[in-house]
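Please look over the sequence and the three-dimensional structure shown below before reading on. The report that follows takes up a few places in turn and ends with the chain as a whole.

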Amino acid sequence: MARNGTIPVTVVSGYLGAGKTTLINHVLSNPGDRRVAVIVNDMGEVNVDAELIARENDEDGIVDLSNGCICCRLQGDLLEEAAQLAESRAFDYLLVESSGISEPIPVAQVFTEGTDASDVDPTTLFRLDTMVTVLDTYGFWKEFDAGERLPEAAQPDEDRPLSEVLVEGIEFCDVLLLNKSDMVPDDVLEEIESVVETLQPRAKRLRTTYCEVDPDVILDTGRFDFETAKRSQGWKRHLRGEGHDHEVHTRDEERRAAERHGVSSFVFRSDRPFHPERLAAWLEDWDGSIIRAKGVCHVANREAVIGVSQAGPSVRAGPIGEWRPDDDRRTQLVFIGREMNEERIREELEACVLDGDEPEAAEAVADPFPL
């Protein structure tokens, strides 16, 4: 399993209660000939997940990282603990369970690039083998149903809305487990699969109940490639004009399934700038048919590039840098959704764009996208 002396790593992501701990306990009870070590991250002071794993397995080789998140504040701790494990215990596979609100890309970067918070060079000890996302399929259904929302207690903090956590986990993974699939009607489950396929066509997808999968599905897959994973996100493919490309593992029957369930996508482009207040007002009025919107906007009389990231009802919009002198200042927004009225959405966006006589007027309005 080790290659060039490095230990393969699988990172398991997913929102609170999706089934990550259940998956890890299942793998540890069926490791085959592997000796598996585990690092468990939890935002709370008490790492309940680590206790559950340790209770069902030998505690040796299980590391608890609590009261912080390994995608940000605990990046250094993650590398230090992983390196210490490699020095103190003989194992040939590392499983990492991230916290329920961790962003998958920064965690992947810890193992591929290291972090300023640690002197450990991860590439001398480990190689990232697989990024796994456990999707709470029932939670996804309720969160993206405009007419029915999860209870407030089920929502993460305002900085990481649930819809954003769910979509980011789908967009950056090698293996996607649609867990709790038994709790979702078959027709809805098929619709969710079509949405997921559009958001991330590259990932291997499986329907699961209690995360019961063969460990070989998430261990030693060799599927991870950082650049490919980043480029395969659905919105980026559509922005490049690739659409459903057979080169990115999309099959005709999957395309037909998406169409059958009303899942579609399109790109809005404009060389004329947006009126800032009209754009801000439009973004605040969520169209329930839009699941994902992402891209950059040219806003009148603003040197800042305005980035837009929408996941269901959660919308983030603000400066992400400045236009350079040689940049083509234009808006490019990708929309992915169910039963979208593309013509109406385009008309609404066109109404937010400045007319020829408006640039002067746009200077005086309050900036709805401050730094």
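## A buried glutamine in a strand

In this predicted model, Gln 310 has a relative accessible area of 4%, and because buried means under 20%, this residue counts as buried. Gln 310 belongs to strand β10, which runs over residues 304-311. If its neighbours within four places in sequence are left aside, Gln 310 is in contact with Trp 286, Ile 290, Ile 291, Arg 292, Ala 293 and Val 315.

## Two packed helices

How are two packed helices described? They are described by the angle between their axes and by the distance between those axes. Helix α11 (residues 276-284) and helix α12 (residues 342-352) pack at an angle of about 150°, and their axes are 8 Å apart. Because angles over 145 degrees count as roughly antiparallel, α11 is roughly antiparallel to α12. On the side of α11, the contact is made by Arg 278, Leu 279 and Trp 282, while α12 contributes Ile 345, Glu 348, Leu 349, Ala 351 and Cys 352. Sorted by kind, the residues of this contact are six nonpolar and two charged, with no polar ones.

Which residues of α12 are buried? They are Ile 345, Leu 349 and Cys 352. Seen down the axis of α12, these buried residues fall within an arc of 50°, and therefore they line one face of the helix. The buried residues of α12 pack against α11, and also against the strands β8 (263-270), β9 (290-297) and β12 (331-338).

## Arg 34 and Asp 220

Arg 34 has its place in the loop between α1 (20-29) and β2 (36-41), and with a relative accessibility of 12% it counts as buried. The side chain of Arg 34 makes a polar contact with the side chain of Asp 220, at 3.0 Å. Arg 34 can also be compared with Asp 92: the two are 58 residues apart in sequence, yet 6.4 Å apart in space from C-alpha to C-alpha.

Asp 220, the partner in that polar contact, lies in the loop between β7 (204-207) and α8 (226-231). Its relative accessibility is 29%, so Asp 220 counts as partly exposed.

Most residues other than glycine have a negative phi. Asp 220, although not a glycine, has a positive phi of about 55°. Glu 339 is not a glycine either, and it has a positive phi of about 55°.

Where does Glu 339 lie? It is found in the loop between β12 and α12. The relative accessible area of Glu 339 is 60%, and because exposed means over 50%, this residue counts as exposed.

## An enclosed helix

Helix α1 has 10 residues, and seven of them are buried, so this helix is largely enclosed by the rest of the structure. The buried residues of α1 are Lys 20, Thr 21, Leu 23, Ile 24, Asn 25, Val 27 and Leu 28.

## The chain as a whole

The secondary structure of the protein chain comes to 13 helices and 12 strands, and of its 371 residues, 56% are buried. When the contacts with a separation of 6 or more are taken together, 77% of them are between residues 24 or more positions apart.

Key: Residues are numbered from 1 along each chain as its sequence is written. This is a predicted model: local features need pLDDT of at least 70, side-chain atom pairs count only at pLDDT 80 or more; totals for chains, interfaces and linings use all residues. Side-chain values use heavy atoms; hydrogens and water are left out. Axes are lines fitted to C-alpha atoms, for helices over the stretch in contact, and angles run from 0 to 180 degrees between N-to-C directions. Helices (H or I, at least four residues) and strands (E, at least two) are DSSP runs, numbered from the N terminus. Angles under 35 degrees count as roughly parallel, over 145 as roughly antiparallel, 65 to 115 as roughly perpendicular and the rest as oblique. Contact means heavy atoms within 4.5 Å. Ala, Val, Leu, Ile, Met, Phe, Trp, Tyr, Cys and Pro count as nonpolar, Asp, Glu, Lys and Arg as charged, and the others, Gly among them, as polar. Buried means under 20% relative accessible area, exposed over 50%, partly exposed in between (1.4 Å probe, protein chains only). A polar contact is a pair of N or O atoms within 3.5 Å; within protein, one must be able to donate a hydrogen and the other to accept it, and residues adjacent in sequence count only if both atoms are side-chain atoms. The arc is that of the directions from the helix axis to the C-beta atoms.
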